[in-house]
Amino acid sequence: MIGATVVFPCDSMPSSSSSSRLYGLDTLRALAIVLVFMNHYLLFVSDGGAFGFWGEIGWVGVDLFFALSGYLIGNQIFAALRSEHGFSLPRFYARRFLRTLPSFYAVLALYYLWPAFRGDSALLPLWKFLTFTQNINLTPGTAFSHAWSLCVEEQFYVLLPAVALVIAACRKSLLWAWLAVAASFIVGMLVRAYLWEEYVQVPRGGLGYYKYIYYASWCRFDELVAGVALALLKNHHPAAWSRLTSYGNRSLLVGIVATALMFYVFLTDHYGYWVTVFGYPALAASFTLLLIAALSPASVLYQLRVPGAASLALWSYAIYLLHKQLCILLRPILLDIGYGPDSLSAMLVMIMLSIATGWLLYRLVETPFMRLRARYVPANHV
């Protein structure tokens, strides 16, 4: 999306030049898809406690994706608004949809045209997926339910640039932009507080928690806004940004400690009132600290090149789309030949096939459309 980076779902092809890659963002993105895989494996495939602690807390990988996406998309919009070429809303939407829709539609076709692929899971009406409203009042356990996070992101990316353009047209637009950021957090907390009182109020959460809070866009937008706030700081407060990124290792250390604390809080009382109201923006803030470290040239996270992370980051969107149902389908096959889902052999097979099928989707669908986009729809910041 920006330079050589690729996010899930991202907005640009990566550069082949290793010097232009942001290794810290690759590492975070790869970590996010690994966390999501472990959580889905524990919930939908495992007989017991596959991946242990990391399987239980792995759902936060989606929240890490939200923070990454908010920063990268926000950075593109704010950089374009400040450039001599300006920001083109139609171009933004065209690039966005060419990036996300082809692979999404390819996987959606598998669910609707190949009944064996979706198995026994109920499938929602097609229009809910096509309009990216599937996450609204979503019942857990339906086919392709993990597309809820794509709905949140797509709704956000339709809304964000339009709001940015309106604010940019105002006098004192920077003040209004920061007020909009603050309002997003306040409204998110108030909405979650109201919905928890209305639909949850049970010790261990339940259907109401997921249906009306966890999957709901209006309860998760503030996590994307955390990344947007970081992009706003970078583009409009260069002195503050320079000071902030000059202490990358400190940000990394504080981010790790804050993230560990949030993991403990969510594992201890995930469905509680106070955790529901304040936990998600606090988790986003801890991930934002990691993002700062990933963008700070002197930090370990910025400099460290984790083997395989760049490839995993590049294929993460395709892996996300396919891995859950693929593992569900592989489970009985491996059981028939004597490999239980919690055996090392079965886990390795499912990991490798998830990566392989993600790579295949990336090569056959995503790459051709990205080439078309690069040829016919130039980026806003160019």
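How far apart are the mean positions of the 25 positive and 17 negative charges of the protein, and how are the rings of Trp114 and Phe117 arranged as an aromatic pair?

A: The model is predicted, so local features need pLDDT of at least 70 and side-chain atom pairs count only at pLDDT 80 or more, while totals for chains, interfaces and linings use all residues. Residues are numbered from 1 along each chain as its sequence is written, and side-chain values use heavy atoms, with hydrogens and water left out.

The mean positions of the 25 positive charges and the 17 negative charges lie 12 Å apart, where Lys and Arg count as positive and Asp and Glu as negative, without His and the chain ends, and each charge is placed at NZ of Lys, CZ of Arg, CG of Asp or CD of Glu.

Turning to the rings, the whole structure holds 36 aromatic pairs (rings of Phe, Tyr and the six-membered ring of Trp with centres within 6.5 Å; planes under 30 degrees apart are stacked, over 60 edge-to-face, the rest tilted). Trp114 and Phe117 are stacked, at 5.8 Å centre to centre with 25° between the planes. Trp114 is partly exposed at 48% relative accessible area, whereas Phe117 is buried at 6% (buried is under 20%, exposed over 50%, partly exposed in between, with a 1.4 Å probe and protein chains only).

The rings of Tyr209 and Tyr210 have centres 5.3 Å apart and planes at 80°, so this pair is edge-to-face. Tyr209 is buried at 0%, while Tyr210, at 22%, is partly exposed. Both Tyr209 and Tyr210 belong to one aromatic cluster, whose members include Trp59, Phe66 and Trp148.
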